[in-house]
Amino acid sequence: MSKRSGISAGVNQRRLHRFAVFTALATFALLGAGGLVTSYGVGMAVWDWPNSYGYNMFFFPVSKWVGGIFYEHTHRLLASGVGLLTSVLALWLHGRTARPFMRWSGLALLLLSLGTWLVVPRRWTDAAVLGLVGAALLGASWIWPGCEPAAKWLRRLGLVAFFAVVLQGVLGGLRVVLLKDQIGIFHAALAQLFFVLLCAIALFTSSGWERWGASVEESGRKLHARDAGGLHWVFAVTTILIFGQLLLGATMRHQHAGLAIPDFPLAYGKLWPAMDASSVQLYNERRMEVTESNPITAAQIGLQMVHRLLAGVILAAVAICAWSARRKLSGRHPASRLALLWLGLVLGQVFLGAATIWSNKAADIATAHVLLGALLLALGGILCIVSFREMAFARDPSKSVAAAPAASSAPFATRPAAASGLQ
């Protein structure tokens with residue numbers, strides 16, 4: 001392998017990693033935009049889809065971006081941007097093998113653009129968008145990507161991310177067209193999982209992932225066999241609990257009934273509120289909210305109480321994770337430090353949850369609560385990946401980075417300059 005080839009491969013991997021990180025950050029911003037849309041209750045401010053008041057989304061006049069339309073339309077544009085970034089990421093992971101697909105897809109979009117313009121001239125904006133995307137694909141395919149493809153498992157993750165973002169866009173549109181809050185819950189859940197997936201891809205494309213593997217091997221050998229089946233499952237169960245908590249939160253947010261319980265840490269002045277019909281009727285009569293018109297129900301009060309109880313369980317579980325990681329590994333181990341950060345974020349999340357109630361569900365605080373929940377889930381996913389990898393080394397030292405073939409142990413394998421084409 002020539003020195004030049006190795007350097008070029010490293011430069012390409014760093015660029016890909018930075019792009020993956022940027023895509024994950026853009027997705028995080030999109031989660032914030034979606035949180036604001038739900039918090040302000042403006043999800044139906046733009047009533048049609050995929051158009052915006054009859055306009056092509058990208059040609060919707062800026063002068064009409066007023067009130068709730070601003071939040072919803074900005075959310076749609078950000079979603080389109082994340083979809084574009086995810087598509088580029090998936091193609092980049094496939095390397096030069098993606099070029100034929102890009103050429104044929106670009107040509108097909110150009111023909112579709114021409115056909116749209118000839119058959120339906122009034123839809124010239126749609127034709128223009130199709131033509132621009134097709135021309136970009138066709139033109140780029142002659143020079144990009146110029147790298148070798150990533151490992152098969154990483155390419156498949158890129159495809160999963162692409163299809164996930166497409167499904168996410170369709171779910172968002174169906175929520176508008178079908179007027180179903182249940183679709184909004186699935187839309188929110190998939191958004192959280194999609195963010196975790198992009199964070200994982202950013203981790204896998206980093207050069208530190210391979211270096212971490214070597215340190216993981218060394219520390220993994222120090223673990224006793226009895227420890228190999230413990231820590232990673234603690235991380236996994238806790239992460240699942242966090243995802244369940246996010247589902248509960250999404251369900252409550254999409255019921256559009258405001259705060260089912262207006263006080264904290266008590267609930268209607270008690271540890272457990274009365275939930276009989278007469279008490280619920282009294283709660284509705286005394287509600288001070290002016291932004292929500294739907295009455296609350298006993299089921300919504302019960303859901304809120306389960307959400308609070310599960311928050312306590314998660315706090316205890318993350319504390320156990322931090323303590324276990326420090327005991328089984330070391331205080332300086334990356335997983336121990338991440339687990340400690342996890343605990344700090346959970347404490348912040350508890351405070352934001354309380355602040356959401358004390359502020360009568362202020363949009364900015366409620367959205368911050370959603371965003372911190374996404375970070376908690378992503379960090380839990382990363383800890384699961386790292387810990388499962390470490391326990392695999394503890395169980396079977398033959399899986400070490402040094403012993404494994406380059407093509408299987410690393411996301412990217414460099415080849416001789418004549419074969420790689422990297423310059």
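The talk below sets values against definitions.

Mentor: This is a predicted model, in which local features need pLDDT of at least 70, side-chain atom pairs count only at pLDDT 80 or more, and totals for chains, interfaces and linings use all residues. Residues are numbered from 1 along each chain as its sequence is written, and side-chain values use heavy atoms, without hydrogens and water.

Trainee: Why are α5 and α6 called roughly antiparallel?

Mentor: Helix α5 (residues 152-178) and helix α6 (residues 181-204) pack at about 160°, with axes 9 Å apart. Angles over 145 degrees count as roughly antiparallel, on a scale from 0 to 180 degrees between N-to-C directions. The two helices are therefore roughly antiparallel.

Trainee: What makes up the contact of α5 with α6, by class?

Mentor: The contact has 20 nonpolar, 5 polar and 2 charged residues. Nonpolar means Ala, Val, Leu, Ile, Met, Phe, Trp, Tyr, Cys and Pro; charged means Asp, Glu, Lys and Arg; the others, Gly among them, are polar.

Trainee: How do you know that the span of α2 is close to the expected one?

Mentor: Helix α2 (residues 68-94) has 27 residues and reaches 40 Å from first C-alpha to last, against 39 Å expected. The expected span is 1.5 Å times one less than the number of residues. Just after α2, glycine 95 has a positive phi of about 60°.

Trainee: Which helix gives the most to the lining of the second largest pocket?

Mentor: Helix α1 does, with 5 residues. By class, that lining has 14 nonpolar, 1 polar and no charged residues.

Note on methods: Helix = DSSP H or I, 4+ residues; strand = E, 2+ residues; numbered from the N terminus. Parallel < 35°, antiparallel > 145°, perpendicular 65-115°, else oblique.
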